[in-house]
Amino acid sequence: MLNVIKRLWSLGVAGNPVRLRRQIALCNQVVLFGIAATIPYQLFYFFYDFALYLGVFVANLVFIAVYVVVLLLNHRGRYSVARNVLLGNACSQVFVVSFFISAGAGVHLFYFTLASILVFLFQSLHVLKYIAIMATLGTLYIIVHFLFSQSFVAEPVPSPWVDIMYAGSVLGALTLLGVFLYLFRKQIDQAEDELTLNNQYLETLSNTDPLTGLANRRVLDDTLAQEWARLVRQPGAMSVIMCDVDHFKLFNDRYGHDSGDHCLQQIATALKGVLSRPSDLLARYGGEEFALVLPGTDEAGGRYLGEKLREAVERLNIPHAKSHTAACVTVSVGVSGLDHVSPDVSQHGVDRLLKCADQALYQAKANGRNQVVFLPYPSAYTRAGQ
């Protein structure tokens, strides 16, 4: 039964934008609740005095049939028509039923439920149209309430049944409104969850190198700035490492760019495998260059980790027939670091630290590649705040 309701609930929903899907689902929900709310009244008419209430009973069958038509219209993708038919049918049903059995049964209370969910049935509802529809619902309520009394209707419901029916109408209107609001709340929560996930995904995309899955240059710059600010507040050690794939252009020329991309992915994985601390950052600096930020790592630690990175790439044993350095792909590594930052040192010092690591990398390449070179951060900068 629940599966049937879910299928009816979802007629016409698939393949539409999120906002329209919610509105189509709401339209289907109103249809199902409209049918469900009608059934108790139909049972009363049938068992209490079918001959007396034949007119309203048949009228409700017609309204139920129109509700089913609304489901079919949504299923065929004619949402605007379905929505308009739904509103017209629901308003007419409340009016006609009240005309037969009187306002004392409280059926016209469902106008409040319709008014409460009206704005959610439209994708874009102009304020004047909204006011006009709300005024129409209010007018219908007033007409029913003051004109359709017990003494002026064709098939009045006798006491105490009319009081019971009024209580049932109040309960039904409040229940439907409560259910709709609960569903809206769930939809809002779902939309917020989807928005949060999308924002997280977009943030991940903006911070991640698409080829290697490593952090990109933006994250590297932010991390360097944060760690430098931390060093100014709480003096300590930090090292920066720059790695460059040796003769990578020749590798691409020999094996093709697809193989070059795969090579960079392998190297990224190998470099990442060397790191063991969550605070260490590995980023793709650009092209075939990688950069590492190592908070709390002194000169000895920087040299040691630089050698481990070099060995990890060499152990991959990726063939490189055009290399002038080795028979396999290798990397040159430049390391720089410092053990202390003066509190008055400039924020530009972080750029000098990165530049110093880059100069160490340049020396490693100039000295024959596939090696590690360390250049300490100039002590004059840390003392003078330059």
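Cut-offs and conclusions

Reader: Why is Ser98 called buried?
Author: Ser98 has a relative accessible area of 0%, and buried means under 20% (exposed is over 50%, and partly exposed lies in between, with a 1.4 Å probe and protein chains only), so Ser98 counts as buried. The structure is a predicted model, in which local features need pLDDT of at least 70 and side-chain atom pairs count only at pLDDT 80 or more, while totals for chains, interfaces and linings use all residues. Residues are numbered from 1 along each chain as its sequence is written, and side-chain values use heavy atoms, with hydrogens and water left out.

Reader: Where is Ser98 found, and which residues is Ser98 in contact with, leaving aside neighbours within four places in sequence?
Author: Ser98 is in helix H4, residues 79-101; helices (H or I, at least four residues) and strands (E, at least two) are DSSP runs, numbered from the N terminus. With those neighbours within four places in sequence set aside, Ser98 is in contact (heavy atoms within 4.5 Å) with Ala103, Val107, His108, Val144, Phe148 and Val153.

Reader: What lies 2.8 Å from a polar atom of the side chain of Ser98?
Author: That place is taken by the backbone oxygen of Val94. A polar contact is a pair of N or O atoms within 3.5 Å; within protein, one must be able to donate a hydrogen and the other to accept it, and residues adjacent in sequence count only if both atoms are side-chain atoms. The 2.8 Å between Val94 and Ser98 falls within that limit.

Reader: Which residues form the nonpolar patch on the surface?
Author: Ile39, Leu43, Phe46, Phe47, Phe50, Leu54, Val58 and Val62 form the patch, with about 740 Å² of accessible area together, by the Shrake-Rupley method with a 1.4 Å probe, where for residues only the protein chains shown count as cover.

Reader: What makes E3 a partner of strands E1 and E2?
Author: Two strands pair if DSSP finds at least two bridges between them. Strand E1 (238-245) and E3 have seven, in the antiparallel sense, while five bridges join strand E2 (281-286) to E3, again antiparallel. Leu292 in E3 stands opposite Ile241 and is the bridge partner of Leu282.

Reader: What sets Asn317 and Asn370 apart in their phi values?
Author: Most residues other than glycine have a negative phi, and most peptide bonds are trans. Asn317, however, has a positive phi of about 55°, and phi of Asn370 is near 50°. Asn317 counts as exposed because its relative accessibility is 53%, whereas Asn370 is buried because its value is 16%.

Terms used: Patches are made of residues with over 30% relative accessible area and no salt bridge: like charges are joined within 9 Å, nonpolar side chains (Val, Leu, Ile, Met, Phe, Trp, Tyr) within 5 Å. A salt bridge is a side-chain nitrogen of Lys or Arg within 4 Å of a carboxyl oxygen of Asp or Glu.
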